Amino acid sequence: VLLIACSFEGISGRILRTLEAQYPPITLSKITGQSGQSPALPSIKWIVVLAGGVVGDQGMPYQLQISHYSRERLIEGIRLYRLLPGSKLILTGGIGFDGSPEATTLSRVAEELGVAKNDMILEVEARDTKDHPLYVRALVQDDPFILVTSAFHMPRAMKLFAKQGLFPFPAPAGHWSPPEQFWSPKNIFPTASGVRLAELSYHEYGGLAWAWIQGQI
């Protein structure tokens with residue numbers, strides 16, 4: 001019964017939204033300011049992008065070697081990098097299943113998309129979310145920075161960074177888009193995508209609970 005209930009995207013999607021709605025995305029107006037007001041963001045030097053996994057074999061183009069979560073995060077990081085002159089990308093992610101650091105693969109995709117090598121710093125030691133703040137701290141020190149990760153993953157990431165005394169500006173990416181009408185066919189019938197949304201939700205809430213038990217947040 002639980003599996004069937006979770007397969008309805010109208011249900012599982014709204015569970016996921018409880019995570020995604022905690023931090024709004026960074027819009028252009030927050031960077032440039034509106035109506036003559038000063039920008040909401042101070043002078044930002046660093047944009048930290050958390051890797052979201054690699055999935056393809058090494059014989060494929062680089063953009064197909066990374067998961068769609070990594071692509072969403074990297075695209076948002078590059079967008080902000082181009083909107084903030086003088087900023088640099090910190091790509092963080094250690095060795096994945098294929099034996100090469102995730103950050104290295106992300107940097108190759110970013111380079112193909114026009115980001116200069118000297119505007120990227122690779123952090124290749126972190127193996128999971130709890131490790132990122134430890135290694136990022138040494139790079140950013142006391143400077144303000146933007147943190148880019150998936151919208152559903154942002155609440156856990158922000159809590160882990162705060163535990164280490166780091167308070168970045170959140171830039172969530174890859175939000176779930178609900179159907180325009182609740183009673184659309186997409187919501188009436190159970191789908192595999194609905195189960196996937198439920199899986200993401202339970203994974204993140206489980207991760208938050210485990211991090212709290214371990215004293216990481």
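Predicted model: local features only at pLDDT ≥ 70, side-chain atom pairs only at ≥ 80, totals over all residues.
**Salt bridges**

Side chains of opposite charge can pair when their charged atoms come close. In this model, six salt bridges are counted. Lys88 takes part in one of them, meeting the side chain of Asp119 at 3.1 Å from N to O. This pair connects distant parts of the chain, since Lys88 belongs to strand 2 while Asp119 sits in the loop between helix 6 (102-112) and strand 3, 31 residues apart. Asp119 has a relative accessibility of 17% and therefore counts as buried, the limit for that class being under 20%.

A salt bridge also joins Arg156 to Glu204, with 3.0 Å between the closest N and O atoms. Here too distant parts of the chain are linked: Arg156 is in helix 8 and Glu204 in helix 10, 48 residues apart. Arg156 is buried at 13% relative accessibility, and Glu204 is buried with a relative accessible area of 2%.

Asp131 and Lys130 form a further salt bridge, their closest N and O atoms lying 3.1 Å apart. Asp131 counts as buried at 12% relative accessibility, whereas Lys130 is partly exposed at 37%. Both residues belong, together with Asp128, to a network of salt bridges.

| Salt bridge | Closest N to O distance |
|---|---|
| Arg156 and Glu204 | 3.0 Å |
| Asp131 and Lys130 | 3.1 Å |

**Aromatic pairs**

The model contains two aromatic pairs. In one, Tyr69 and Phe152 are arranged edge-to-face, with 5.6 Å from centre to centre and 80° between the planes. Tyr69 is part of helix 5 (residues 68-83) and Phe152 is in the loop between strand 4 (145-150) and helix 8 (154-163), so this contact ties together parts that are 83 residues apart in sequence. Both Tyr69 and Phe152 are buried.

Phe145 and Phe161 also pair, and their arrangement is tilted because the planes stand at 50°, with the ring centres 6.1 Å apart. Since Phe145 lies in strand 4 and Phe161 in helix 8, the pair ties together parts that are 16 residues apart in sequence. Phe145 is buried at 3% relative accessible area, and Phe161 is buried at 0%.

**Helix 7 and its buried face**

Helix 7 spans residues 132-140, and its buried residues are His132, Pro133, Val136 and Val140. Viewed down the helix axis, these buried residues fall within an arc of 80°, so they line one face of helix 7. Just after helix 7, Gln141 adopts a positive phi of about 55°.

**A nonpolar surface patch**

Trp210, Trp212 and Ile213 make a nonpolar surface patch of about 440 Å². Of these residues, Trp212 is located in helix 10 (residues 192-213). Trp212 has a relative accessibility of 63% and thus counts as exposed, since that class begins over 50%. Helix 10 also holds Glu204, the partner of Arg156 from helix 8, and Glu204 is buried.

Notes:
Residues numbered from 1 in each chain as written. Heavy atoms only, no water. Phe/Tyr/Trp six-rings, centres within 6.5 Å; stacked < 30°, edge-to-face > 60°. Helix = DSSP H or I, 4+ residues; strand = E, 2+ residues; numbered from the N terminus. Buried < 20%, exposed > 50% of the residue type's maximum accessible area, 1.4 Å probe, protein only. Arc of directions from axis to C-beta. Patch = residues over 30% accessible without salt bridge, like charges linked within 9 Å, V, L, I, M, F, W, Y side chains within 5 Å. Areas by Shrake-Rupley, 256 points an atom, 1.4 Å probe, with all protein chains shown as cover. Salt bridge = Lys/Arg side-chain N within 4 Å of Asp/Glu carboxyl O.
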